[in-house]
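Let us walk through one protein model step by step. Keep the sequence and the 3D view side by side as you read.

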Amino acid sequence: MENKTKLKGTAKLQIDNKTVELPIYEGTAGPDVIDVKKLYAETGHFTLDPGFTSTGSCESQITFIDGEKGELLHRGYPIDQLAEQADFIEVCYLLYYGELPKRDESRAFRRALTYHTMLDSQIDKFFEGFRRDSHPMAMMAGTVGALSAFYPDAMDVNDPEQRRLSSYRLIAKMPTLAARAYKYSIGQPFVYPRNELGYAENFLRMCFSVPAEDYVPNPVLTDAMDKIFILHADHEQNASTSTVRLAGSSGTHPFAAVSAGISSLWGPSHGGANQACLEMLQEIGTVDRIPDYVRRAKDKSDPFRLMGFGHRVYKNFDPRAKVMQKTAREVLDDLGVKTPLLKVAQELEKIALEDEYFVEKKLYPNVDFYSGIILNAIGFPTSMFTVLFALARTAGWVSQLNEMNQDKTQRIGRPRQIYTGAPRRDYVSADHR
Ligand code: SDX
């Protein structure tokens, strides 16, 4: 990765009688940055920014979000165009290599991934160790980390070829692992991938086919699944991607870093929100109960939040939510599913967007608001929703990791702090405490 920031000027910081000049850099789009690398050396001060609301952790050329406009670009291409015109494997290639693949590149990439979808058969035994009612994300965090025990031949992150091979393995094997987590949780036999199937169709077949009858793919569901993967593929330096980068900054291998990312994504404020959102819609149940939940969401003394609403970066509609809403209608119409969930979601969105609390705080539906309705209609239990998010985000995680490992300015991540604990004091024996 060639570093491309441009020096734009300097920021002057006055501390006591000392003035420090800090460089300001500009990128292709988005806010300029003040480089504070030398702040401590020159002033003896740290910065403090819990949650990193004003702090950039890296230079990246993969994804850009304009939160005010509600725009999401992957290597410059708008997410709505990718969702409508590309497929997930093309987006994986774009994220990793920086350009849309030519036909021969696309063929070679698909073939390479296809021949990495199988798992070492001993990995199946890992699932036997879990309780049947284990959360599938627990199975994913465990088995993805364990892949390193079976594929140790490409874990040197300083070797681009080894990074590529482990990245391909992760993108290719996540569907096989995710389908196994699902099959194990419902007590059905594991299904092997088929090399003649596309990525999304292969995954749906591994999840929903049973030995007792032939599996009949539904092209509308296959297309919806592929679209959902595209919409979840990458998203700048979100919590789980930052976790993957921080873990990877120690030089650890991609399997460990991605396993850490899976654990971070699991949280209800992040990737776990799609499960929490559908459970919230199911709990609301009917349109007449919405006002009470909106009231609770605004009540500071009530920990309840409208899941699927709000975002650290988007202060406008999450463009992914718009595509997701359209896809939800297509899937429900095709399946002839009459679920009150979509009506509750649409009414909740309408009420919330007209409520001054949500308007003032710029809280809009995010990627998780409609995704659960589609996944529920396809047949997944809510416990699988975040697994599907992790499956798709693996493309972004390995691309961001690959970019970091090529970035000459990157060092091991080691934040500092402001200490407010006890001042130095001497040990006191138990008799004198
Ligand atoms: C994802 O970062 C990413 O890019 C993530 C993601 C990705 O693709 O990787 O986009 C995926 O994680 C989407 C977000 C999914 N999470 C949810 O839907 C959970 C509900 N949303 C919130 O918890 C919250 O909006 C966050 C976590 C998403 C954002 O949190 P922030 O940026 O720290 O904002 P905040 O919690 O400080 O909220 C600002 C204000 C607060 O009120 P005040 O303290 O200022 O009075 O808005 C309120 C919050 O109480 N608020 C909400 C709310 N979200 C924020 N109030 C009610 N319901 C909500 N959903």
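In which loop is the place of glycine 271? Glycine 271 sits in the loop between helix H11 (254-265) and helix H12 (273-284). Keep in mind that this is a predicted model.

Is glycine 271 buried or exposed? Its relative accessibility is 0%, so glycine 271 counts as buried. Now look at what surrounds it. Leaving aside neighbours within four places in sequence, glycine 271 is in contact with Leu265, Thr386 and Phe389. Take phenylalanine 389 from that list. Glycine 271 and phenylalanine 389 are 118 residues apart in sequence. In space, their C-alpha atoms are 6.6 Å apart.

Next, find asparagine 238. This residue lies in the loop between helix H9 (219-231) and helix H10 (239-248). Asparagine 238 has 14% relative accessibility. Buried means under 20%, so asparagine 238 counts as buried. Its side chain makes a polar contact of 3.1 Å with the side chain of threonine 241. Another polar contact, of 3.3 Å, joins the side chains of asparagine 238 and histidine 270. Not counting residues up to four places away in sequence, asparagine 238 touches His270 and Arg393.

Methionine 307 is in a loop too. That loop runs between helix H13 (290-298) and H14. Methionine 307 has a relative accessibility of 19%, so it counts as buried. Which residues does methionine 307 touch, not counting residues up to four places away in sequence? They are Pro268, Ala273, Ala276, Cys277, Met280 and Phe369. Glutamine 275 is 32 residues from methionine 307 along the chain. The C-alpha atoms of these two residues are separated by 9.0 Å.

Now move into a helix. Proline 319 is found in helix H14 (residues 319-335). Proline 319 has a relative accessible area of 10%, so it is buried. Not counting residues up to four places away in sequence, proline 319 touches Gly70, Glu71, Leu72, Ile79 and Tyr314. Compare its C-alpha atom with that of aspartate 334, 15 residues apart along the chain. The separation is 23 Å.

Step back to the nonpolar core. In soluble globular proteins, nonpolar side chains tend to be buried together. Here, the largest nonpolar core has 111 residues. Those with the most contacts inside it are Phe88, Phe203, Met225, Ile262, Ile373 and Phe380. Helix H18 (residues 385-406) gives the largest share of this core, 12 residues. Not counting residues up to four places away in sequence, isoleucine 262 touches Met137, Met140, Ala141, Val144, Met174, Ala390 and Trp397.

Finally, turn to the ligand. How many residues surround the ligand? There are 24, and the closest are His235, Leu306, His311, Arg312 and Arg320. By class, this shell has 9 nonpolar, 8 polar and 7 charged residues. A nitrogen atom of the ligand is 2.8 Å from a polar backbone atom of phenylalanine 309. An oxygen atom of the ligand lies 2.7 Å from an N or O atom in the side chain of arginine 320. For the side chain of asparagine 366, the distance from an N or O atom to a ligand oxygen atom is 3.0 Å. On its own, the ligand has 1,000 Å² of accessible area, and the protein covers 77% of that.

Definitions and conventions. Residues are numbered from 1 along each chain as its sequence is written. This is a predicted model: local features need pLDDT of at least 70, side-chain atom pairs count only at pLDDT 80 or more; totals for chains, interfaces and linings use all residues. Side-chain values use heavy atoms; hydrogens and water are left out. A residue is near a molecule or strand if one of its heavy atoms lies within 4 Å of it. A polar contact is a pair of N or O atoms within 3.5 Å; within protein, one must be able to donate a hydrogen and the other to accept it, and residues adjacent in sequence count only if both atoms are side-chain atoms. Accessible areas come from the Shrake-Rupley method with a 1.4 Å probe; for residues, only the protein chains shown count as cover. Ala, Val, Leu, Ile, Met, Phe, Trp, Tyr, Cys and Pro count as nonpolar, Asp, Glu, Lys and Arg as charged, and the others, Gly among them, as polar. Helices (H or I, at least four residues) and strands (E, at least two) are DSSP runs, numbered from the N terminus. Buried means under 20% relative accessible area, exposed over 50%, partly exposed in between (1.4 Å probe, protein chains only). Contact means heavy atoms within 4.5 Å. A nonpolar core is a set of buried Ala, Val, Leu, Ile, Met, Phe, Trp, Tyr and Cys residues joined through side-chain atoms within 4.5 Å.
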